[in-house]
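Hi everyone, thanks for coming. Let's look at this one together, starting with a helix and moving on to the chain contact.

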Amino acid sequence: MDKLGIDPKLLVAQTINFLIVLFVYIRFVHKPFIRSLNQEKKKKQELEGALSKIQKEQEAVQKQKEMLEIELESRTKKAYNKLKGEADAMKQAAIKEAQEEAQRIREQNTQIIERDREKMVEDVKGQGVSIATAVLEKALVGLTEGELSKKVTRAVIEKLPRIQNE
Amino acid sequence: MEKLAKNPAFLKRMENVVRREERVLTIRSPYALSTEEVKHIKQKLNLESRIPLRVNMVVDKSLLLGIVVKYKDYYFDYSLKGHIARLFESLEA
């Protein structure tokens, strides 16, 4: 040992010293460090789990949101179509009613015009007869009681038809 | 019944009915017709039977010329006024 330059006492002392240092290292550095690492790892895993859960929930919420949007769009479209249909029907009904009313008014007006026209024609005819009679009366003044009137009467009497079964 | 007897419209209608049965000849002319002319009219109308006939003469100068004869439901208008009226009736509006 001496030839190798190794002092046994020193070796023992160094060995003891090493063991003490090793003990202190293991006891106060290595174990807490490993413990701390494990805790960190565990915490990280927990956080990752929570994150994953949150992400899953977020995805589910997103999916639900999309479904709700689709459903909302569908319902909106359906309601819009329904309202549009009703509005169209109301519009058509209003147009039809207006057309019928217009037709009725037109017919009424036509009837009124026709009635007025007939009345006017009758008036004109009546006035025409009166005017013509008055004019002829003036023109034939003196003749109606004279020979002409008697001649006409005789001619008319000849034209009278024979009444049967009398 | 009494109410009906006092109703002028009903009386008028009854009068018309009786007149139709009564044989009334109404002649309207612009001047008073002579007996000869009336007789000629009765003859032409074939009304010279033994059954009594009442002749109702009406002078209407507005007829201008010709005569109008009415007997029961027969009505013959051979007057100038009637011709004018028919002429206006035939005119289109």
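First, a definition: the expected span of a helix is 1.5 Å times one less than its number of residues. Helices here are DSSP runs of H or I with at least four residues, strands are runs of E with at least two, and both are numbered from the N terminus. Please keep in mind that this is a predicted model, where local features need pLDDT of at least 70, side-chain atom pairs count only at pLDDT 80 or more, and totals for chains, interfaces and linings use all residues. Residues are numbered from 1 along each chain as its sequence is written, and chains are lettered from A and ligands numbered from 1 in the order in which they are written.

Chain A has 2 helices and 0 strands. Of its 166 residues, 4% are buried, meaning 20 or more other C-beta atoms, placed from the backbone, lie within 10 Å of the residue's own; exposed means 12 or fewer, and partly exposed is in between.

Now to H2(A), residues 147-159: its 13 residues reach 19 Å from first C-alpha to last, close to the expected 18 Å. Which residues of H2(A) are buried? They are Ser149(A), Val152(A), Thr153(A), Val156(A) and Ile157(A). They lie on the same side of H2(A), because they cover an arc of only 140 degrees around the axis, taken from the directions from the axis to the C-beta atoms. The face turned away carries the exposed Glu147(A), Lys151(A), Arg154(A), Ala155(A) and Glu158(A).

And the partners? The buried residues of H2(A) pack against S1 (24-29) and H3 of chain B. Contact means C-beta atoms, placed from the backbone, within 7 Å. The chain contact takes 29 residues from chain B and 22 from chain A, and H4(B) gives the most on chain B's side, with 6 residues.

Technical notes:
Contact = placed C-beta atoms within 7 Å.
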